[in-house]
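Let's walk through a structure together, one question at a time. Have your viewer ready.

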Amino acid sequence: MKQESKTVEYNLTASEFNWEIKPGKTISAWGFNNQVPGPILRARKGDTLVINLVNNLPEPTMIHWHGIRLPAAMDGTGEVQRPVMPGESFEYRFTVPDAGTFWYHSHQNETIQMERGMYGGIIIEEESDLLVDDEKLLLLDDMKLTGDNEFKQLGPVGRWIERHDGREGSTNLVNGKEEAILYMHAGQTERWRIINAASARYFTLSLDGKPFKVIATDGNLLEYARIETEWLITPGERFDIVAGPFNEGDQFSIRSLPYNRVTMLTAKNQPYARVQVLERKESVAHLPEKLSDIIALAPQDAPVTRKIKLSVDPSLKHIIDFTVNHEMHGMDKPVMVGELQVWEVSNTSLMDHPFHLHGFFFQVLEDNGKAPAYKAWKDTYNLKPKTTIKIAWMPDNRPGIWMYHCHIIEHHAAGMMANFEVIDPADPSPSGKGSFAGCHS
Ligand code: C2O
Ligand code: CU
């Protein structure tokens with residue numbers, strides 16, 4: 001049965017408030033509607049989301065809707081809108097063309113605003129034959145706090161190290177709570193939509209060795225589920241998994257196994273939450289063999305149309321700079337609507353970087369010369385040190401200024417990003433600053 005598309009409205013008020021991350025441990029968070037994470041935004045595929053952002057913070061902000069294929073003017077970056085000043089409001093309005101797991105987060109002074117809690121999940125539903133008994137949305141994060149539960153401020157050396165490594169803290173959060181306990185029923189199967197909202201933390205998911213099925217990457221269903229016992233989720237990435245069935249009385253952790261992303265930080269095995277399995281309940285779950293069809297955008301040997309280098313370069317001012325094609329916060333060449341893009345993205349540095357493209361999904365054609373083991377749509381993909389990937393994506397008719405960047409927020413801030421324009425050949429007038437859409441009040 002086809003349902004009518006509708007308009008779904010949310011109010012998001014950004015402010016500072018006290019947030020209890022566990023009994024007796026309260027932080028002064030920044031977030032939306034007095035909660036960390038912000039409220040889950042829900043709609044159905046094809047609906048129009050209207051989000052009225054009110055900024056009650058002491059500084060400007062704006063919101064990026066990570067993974068949603070929306071018009072450029074709604075993308076929430078400094079190239080397409082003026083920051084929303086304290087006391088101002090801004091209406092975001094866009095149609096959601098894809099079902100899946102997405103998220104929103106501040107895209108202004110992110111190293112502070114995201115660290116303090118300015119993010120939330122978005123679930124876009126659709127009719128499908130995937131049937132589960134229940135669903136959980138898990139937003140993973142870590143915070144670096146002092147003994148007094150203040151956000152840790154660093155001296156010049158510490159700041160330099162954090163710029164290099166990204167900010168990792170030892171307060172591990174699932175949905176804004178430390179040492180959270182999650183419940184599910186024995187015999188049941190649940191869909192867990194997992195989002196890594198941390199600034200820099202790489203999360204290798206483990207359910208204490210219990211197998212789970214990975215069914216979606218960055219919001220998009222895979223063709224076939226993959227049975228795994230561990231799974232890397234880098235900052236900005238989303239994976240949907242199917243967990244269960246488990247036995248009554250089972251208890252296990254949701255933990256992150258160590259991942260060495262080649263920084264000065266030591267990788268650790270860290271628990272994030274506990275799962276307790278309650279009494280048995282009937283299951284109606286059904287996971288079809290084939291989850292979706294993914295049509296290849298281009299063959300593995302498709303000719304490269306653009307080369308992008310992610311580098312850590314020597315710098316007089318900062319000792320090192322984080323760059324794209326040896327430029328910080330640069331402007332890349334435009335692309336034309338309807339022209340297939342085949343980009344070779346290389347990481348020339350000695351540490352990992354998760355590469356994120358705003359507004360469009362890509363397919364990885366190869367990773368260091370090898371075709372990936374399975375087809376998938378992605379908007380964020382981790383590049384290990386000294387790695388080159390080839391990706392394909394299609395600029396559909398959404399002209400304007402877009403961007404790509406490393407999703408380690410400190411690297412993004414330090415310059416590892418570039419903007420580029422998508423041009424509609426039928427209307428090649430330059431867009432960008434001066435043509436801000438939407439309305440401030
Ligand atoms: Cu979630 Cu510009 O990123
Ligand atoms: Cu990076």
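Below are some questions and answers on this predicted model.

Q: Which protein atoms are the donors of the copper ion (ligand 2)?
A: Along the chain, the donors of this ion follow the spacing H-x52-C-x4-H. They lie 2.0 to 2.1 Å from the copper ion (ligand 2). By name, the protein donors are H353 (ND1), C406 (SG) and H411 (ND1).

Q: How many residues apart in sequence are the parts that H353 and H411 tie together?
A: Take the two ends of the pair in turn: H353 lies in strand 26 (residues 353-357), and H411 in helix 3 (residues 409-413). The pair therefore ties together parts of the chain whose separation in sequence is 58 residues.

Q: Is H353 buried or exposed?
A: Buried means under 20% relative accessible area. The relative accessible area of H353 is 0%, so this residue is buried.

Q: Which strands are joined to strand 29 by bridges, and in which direction do they run?
A: Strand 29 covers residues 387-393, and six of its seven residues are buried. Seven bridges join strand 25 (residues 341-347) to strand 29, with E344 opposite K390. Four bridges join strand 27 (residues 363-367) to strand 29, where V364 has I391 as its bridge partner. The strands asked for are strand 25 and strand 27, and both pairings are antiparallel.

Q: Which strands stand at the edges of the open sheet of four strands?
A: The order in this sheet is 3-8-7-5, with mixed pairing. Neighbouring strands are turned by 20° against each other on average, direction ignored. Six bridges join strand 7 (residues 100-106) to strand 8 (residues 119-125). Each edge strand has a single partner, so one side of it is left without a neighbour in the sheet; these are strand 3 (41-44) and strand 5 (63-66).

Q: Which residue meets D321 in a salt bridge?
A: D321 lies in strand 22 (residues 319-324) and its partner in helix 2 (residues 156-165), so the pair ties together parts that are 158 residues apart in sequence. The side chains meet at 3.3 Å, N to O, and the partner is R163.

Q: Which residues are linked with D218 in a network of salt bridges?
A: The side chains of D218 and K378 meet in a salt bridge of 3.1 Å, N to O. Both D218 and K378 are buried. Along with D218, the network holds E237, R238, K378 and D379.

How values were computed. Residues are numbered from 1 along each chain as its sequence is written. Chains are lettered from A and ligands numbered from 1 in the order in which they are written. This is a predicted model: local features need pLDDT of at least 70, side-chain atom pairs count only at pLDDT 80 or more; totals for chains, interfaces and linings use all residues. Side-chain values use heavy atoms; hydrogens and water are left out. Buried means under 20% relative accessible area, exposed over 50%, partly exposed in between (1.4 Å probe, protein chains only). Two strands pair if DSSP finds at least two bridges between them. Donors are N, O and S atoms within 2.8 Å of the metal (3.2 Å for Na, K and Ca); water is not among the atoms, so sites may look incomplete. Axes are lines fitted to C-alpha atoms, for helices over the stretch in contact, and angles run from 0 to 180 degrees between N-to-C directions. A salt bridge is a side-chain nitrogen of Lys or Arg within 4 Å of a carboxyl oxygen of Asp or Glu.
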